[in-house]
Every structure is written in C-alpha cells, then in structure tokens.
Amino acid sequence: MSDAVRDSEIAAEQAYLDRVYVRLDQLRVTAAEVEKAGYNMARVGNYGALVERDAMVYHAARRRRALESEHDGLVFGRLDLGPDGVSGADAAAVAPVVPGGEVRYVGRLGLRDEEYESLVVDWRAPAAAPFYRATPADRMGVVRRRSIRSTNEKVVSIEDDLLDPAAAPADLAVIGDGALLANLSRATGRGMKDIVATIQREQDDAIRSPASGITIVRGGPGTGKTAVALHRAAYLLYADRNRYESGGVLVVGPSDVFVGYVSRVLPSLGEDTATLRSLGQLVEGIQATRHEPPDVAAIKGSLRMQRVLSRAARGPVPNAPDKLRILYRGELLSLDKPALDELRRTVFNLGVKRNAARAKAAGHVLDALWRQSVQLLPSGRQQKREEFAPDIAERPEFVQFMRGWWPVLRPTEVLGWLGDRQRLQRWANGILSNREIALLASSIDAESLSGSASASGSRSGSRSASASVSVSVEDVALLDELHEYLGDPPARKRAPRDPFMVAEGVHEVSTISERMAAARAQAIERPDDYRDYAHIIVDESQDVSPMQWRMVGRRGPHATWTIVGDPAQAAWNDAAESDRAMEAAVGTRRRSDFTLTTNYRNSAEIFAVAARVIRAAQPDIDLPTAVRSSGVDPVELTTSADELPGAVIDAAKTLLDQVEGTVGVITPTQRRAEVSAWLEGLDAARLQTVGALDSKGMEYDGVLVVEPAAIRDEAPTGFRTLYVALSRATQRLTTVGTQPF
Ligand SMILES: Nc1ncnc2c1ncn2[C@@H]1O[C@H](COP(=O)(O)OP(=O)(O)OP(=O)(O)O)[C@@H](O)[C@H]1O
C-alpha cells in the first residue's frame, strides 16, 4: 500500500473525526443548557415542575459528565459492512465503500448528529459487537474492520483487517498489519491502558456474558483477565444502568499497588461509579498493606479461624470480674463464675450480636439477682421485679460490673486478645496445632491493635494511619469476621441532620425537589461499609483466602458475580478449601465459564522462562500462547551475597536504559524494604520495587527479579509466586540471585 493511499485514508478519517468533535462540542453546550433550564424550572414553582426539573437536571448532568470526560481516542473503530450486515439504524452518515453496504463507527460513547443519524456507536452497544467478534470464519457482515488510533484529536494511524476479500471492491484500501500487534508493542505507562480498541473475540465473549449468575474467567498470565474484568464492569453499567449504578459494582483486587495500577481504566471508559478496593481496604476505617509471612498467612486465611474467633468473641472477656456481689436490704446477693457463664451462654443462645445484647445481658443478671432476693428476703421486704431492676441497675457497683463483664467490644480489641498464647490455647484447642498457636500468637501485637481500635470500630469512615501499621492484609478478614459476632458498637448520638442542608454549609430554599436530587447523589456515594452491591468482580481470585471469601461474600448477599483468576498463580495452598469458601460466598447460581488462551503481555522469550518454572512443578499444565516474539533473550545472573546489592543496582540501571517505560524490581516478600533502599536515587518515576506477592496483576516493560530461588522457597506455593514474578514483563526480563533457580 503506497504512502499516498495511506495518507488519503488518514485524511478521510480525520475529516470524520473533526465532524465528531464539532458535534461533541455542540452536545456539551446543549447538555449544560438543559441542566440550566432544569434549574430555572424551579421558578415555575409547582410540585410537578420540581419533580420534572429533578429528572432533567439529573440526566443532563450525567450526560454532561460523560461528554466532558477525557476523550482521547474517542473514535477508534470503523466497520465497512456488506449488504448482509446492513441494519440502517446505526449506519454512519457517510457513503458506503462496499456497494449496498454501510459504514459504522465505534467509539467510547454513542453520538448522533442533528438529524439523529448515528455518528458513533458506543462500544458496548450490540451494533458494535461485530467490531470485536467478527472473524474470517464468522464475518457477521463485516468486509473490512478498521482500527483508528488518534491522539489529541489527530488521527495518527490506521490498521485494517480484511475479513471478506470476495466482497471487497477492487479499490478498497487495506492498511497496516493488525491493530492488536501494533498496540502491544507500545511502551507501558504507570497505569494500565484500556483495551477497548482491540478486545479479542474470546475476551468479548466474557465481557458481554449475561449479567445474571456467576461468570468465571480463567486464563494464564497476560491473557487479559484484568482487562476483561474492568471492561465487563463498564459493560454491565451500560447494559443495565438502573440496576448496577444504583446497587453498585464493586471491583476487588489483590493489593493497593494493583488498585493504583488499574484505577484509570474505568474512568477512561467513561465510568466513574464503580468502587475499586483491595482486600486490605474492604473494612471501613482500615487500609492494610502489610502481608504476613506465608506460614502465618496460611493460618489466618484458613476457615478454621472462624471457630477460633467465634469462641473468642463469645467467651468471657479477659480480666473481667468473675463474680458480682451486691448488698440489698441487708442481704448479700451474689453471682459466681459458673452462674455468670451460664447467663452469658443463655444470652448468646438468643442469637444476638454481642454489642447489641448488652441490655439483654444486664436484664438477665438483674433477673437472677431478683430471684435471689425473693428467696432471701421475707415477703414483706421483697420488691416487684419492675421496682427492683431500676433500683439495682443504677447502683455504681452494678454499672461498674457491667462495664467489665459485658463491655462494648471492637474487633481490633478481640483480635488483640489472640496475642496471648495461653488464652489463644483455650480458644484454639482442637482446632490449631501447638506450632500454629505459637505462630499466630506471636504475629499479633495487642498493644498496637488497641491503638487502632477506634479506627476499625468507628462508623466515621476516616481511614486511620495507626490501623494501617498494625493490621495486616490477612487480619482484615479476621476483623470483618469478628464484626459479624460483635455487631456495631452502640451508635454515638449525632446532631440530627438538617433536612434543608443540601451539602455542607449550603442551605436549600426550594425544598423537596432539591432534597430528592441530594438524596440521589447520596445513593451513588455509598457509605464505606456498604454491604449490598449489585455486582462484585473479584480479580486475582486464586489468591483470595477462605476467610477473605467470607468477607467479600458479605458485601453482596444478593449480588451477581464475575470471578477472574488463574489457579496456577495461586499463593493459597489448599485449593479445595478455597473453592468451598468461594462457593459459599457466591451461592449456587448459574455459572458460565470462560477460558482465555493468548498471552498478550510477555514476549515469547520471556514467557518461556516463566513456563519453565511452572512446568517443573506441574508438567501437564495448559499454558497460554505468547503472541509476540521480540528476539531478545532474558538475562539470568548469579552472584555472591556480598555482590548482590551492586549487581541489583547495575541491572536496574541497565533496564532503565533499555526500556522506554516502567521497570519493576520484584523481591522476596520480606526483603522489599531492603532492596528498595539499595535503589534509592534511581528514576523513581519509572521504577517501582514490589514484594513478590504484591507483583500480582502488575505489568512493567522491564522486570528485574531479585533472588528468584528465595521467592520460590519462601512458601510451599513459592514456585507459583515466582511464576507470577517472571511473567510481569512486556519487553525485558533480568534475574539476579545468589543461586540459580
Ligand atoms: N485485546 C487486547 N488488546 C490489547 N492489549 C491487550 C488485550 N488483552 C490484553 N492486553 C494487554 O495484555 C496485558 C495483560 O493483560 P491483563 O493484565 O489484563 O492480563 P491478566 O490475565 O490479568 O494477567 P495476570 O494474570 O498475569 O495478571 C495488558 O497490558 C493488557 O492491556
């Protein structure tokens, strides 16, 4: 194809793009005007007008937000359809190139011109599906599929696929050699890119799978699972906006690093209402990033913890008074330990949560004391229960006793109790081994946990720094479990909310409709501990421990689910226990399974190193195919312990020189801080040092794996973590270690 043809095709697409941007500007102005007109309707003053105004303002503001979000690459696809693909309704207002056919443009959002003719079809609309799904074998009416790449409103390149040569007119231009490969060879930035322009058919199947039930997506490293998960969130919001925007879509990822990495994808697809959280951030008030060593993580993640925690939360409070003595009308009323234990059990048997049962517990103690008083006192000096109870309940010694015997408990406090080995021994007896009990007790620092108690128990929504230090990612699921047994602390009395206050400091005069709008806005800004999402997407699901599944499951008792992961990358050892916990969390709804088979991230040379490691442990494993070959072999260096820091610094510098984009340095989980200190002063904007567990889901142009053999030997599942670390690079991979791996 000559340059002249290419240039004239680019010019033609540029003319179309210009037209689209002019229209976008017009629509922005119109949306702002409609919004303003909506506000003006308030002046009409009757109730019907106010309600109508609300609806108008709401829809116009939404549309304006969509039109104003970033629109680089607004139009990225064009379909030239033959006569069998014509639908009329979605045809672009340009002459068809294929006789009897039509042209359709695909983009990040749908736009129509003044005559209501389609200018761009939203990528999620059914009319856009052939852009992703058509193949030479199943053309769906497509003759030529064109990918258009533009930056700053300028078309920079075009890549065509000719799907139906027989139907193509002789002069049809076909340019480039495939959009996908062109896209894959571009450098990686700090954040993940969306793949909306090059979604592949097997990925599209999973993205557009029906919303109901449970969608399971499996696939090896780099097969686009995360990309599919995020595009699916955008698709669901488009396909059933009412349900998913008001109920909420929650995307759960493995780590904060990962959440930061993917956070731009949904906004770039025009969706800003999904909630993105890491497993360390799912409990209100806590932002945990520290991981436990693997042996402790294995205990804290196991379902056996459920019984240990339930015993701790329902047992006697450590150091609580074990008897109650009250002098009443000259007689000593007393309850000793067995009687108090019996009362405690009776209250728990009512099935109430501990903090909500304080009044009930006090009532049972008062009952028992009253019964004693009736036995001890002559009938003339006895009181009725209704008179006796308030009299005793106000006594300082009773109030004092109740405070110690049935205090308000916060999850962090109870978790802190597990730091005392003797106590833990009682609760974990017959559940954990002695070695596990010793390990678990020594992993819990009661003092720093009690420092963060107010954070984890608060309903305030503020995330506390002290909680982040003491609570590990694995602890978060335990705290959530404890919250289940304890319930909320009694609510602090708040000043009643001023119903006329629309926003902080802004008073509304026109009353009802504005309050409805404020209510709608609040419905979308869900509280931090919201627990009724309409859809939950769990990424890197292979690493969700059984206790974490319970925590995630509590966020969506009525949700539909998308679960994305790769068992070969799992850090969790007991796959059967994990599967059981997942099934309990997501329920038994209809399942649809999808498998992705192409690795788009790694060059074939890099993936061969990762494949060698996983095949050594699992010879029969099905691995994806890496589509790109770069001709550059990975570098494997072995050095002495003394020379390791120098070798790591040199290798990191070399990678920074060799690649244009990011470099990830991946270390054994417990050595991250040490290695990070060696690399201080290197290009911080492009270089990131992460522990091997936190490298899950990440991607860098160059990767340096430090001490690969130590990553493999860190845990029984270390070979899988090493497989993850070795499959993070798009272009260059170097390993430096004191032993070969
Ligand atoms: N259809 C596609 N077009 C362009 N790039 C793609 C496509 N599918 C995936 N990619 C790219 O491949 C890389 C890997 O994708 P992603 O991170 O979603 O894979 P993954 O399966 O979640 O990987 P892992 O399990 O290793 O974390 C990303 O850079 C993504 O943008």
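Which helix holds Val-308? Val-308 lies in helix α11, residues 304–314. Helices here are DSSP runs of H or I with at least four residues, strands are E runs of at least two, and both are numbered from the N terminus.

The model is predicted: local features need pLDDT of at least 70, side-chain atom pairs count only at pLDDT 80 or more, and totals for chains, interfaces and linings use all residues. Residues are numbered from 1 along each chain as its sequence is written.

**Val-308**

Val-308 counts as buried, because it has 23 C-beta neighbours inside 10 Å. The classes rest on other C-beta atoms within 10 Å of a residue's own, placed from the backbone: buried is 20 or more, exposed is 12 or fewer, partly exposed is in between. Val-308 touches Trp-427, Ala-428, Ile-431 and Leu-432, leaving aside residues up to four places away in sequence. Contact requires C-beta atoms, placed from the backbone, within 7 Å. Ser-255 is 53 residues from Val-308 in sequence, and their C-alpha atoms are 26 Å apart.

**Positive phi in loops**

Tyr-116 is not a glycine, yet its phi is positive. Glu-153 likewise has a positive phi without being glycine. Each sits in a loop between strands, Tyr-116 between β3 and β4 and Glu-153 between β5 and β6.

| Residue | Phi | Loop between | Other C-beta atoms within 10 Å |
|---|---|---|---|
| Tyr-116 | about 70° | β3 (111–112) and β4 (118–122) | 6 atoms |

Tyr-116 is exposed because 6 other C-beta atoms lie within 10 Å.

Note on methods:
Contact = placed C-beta atoms within 7 Å.
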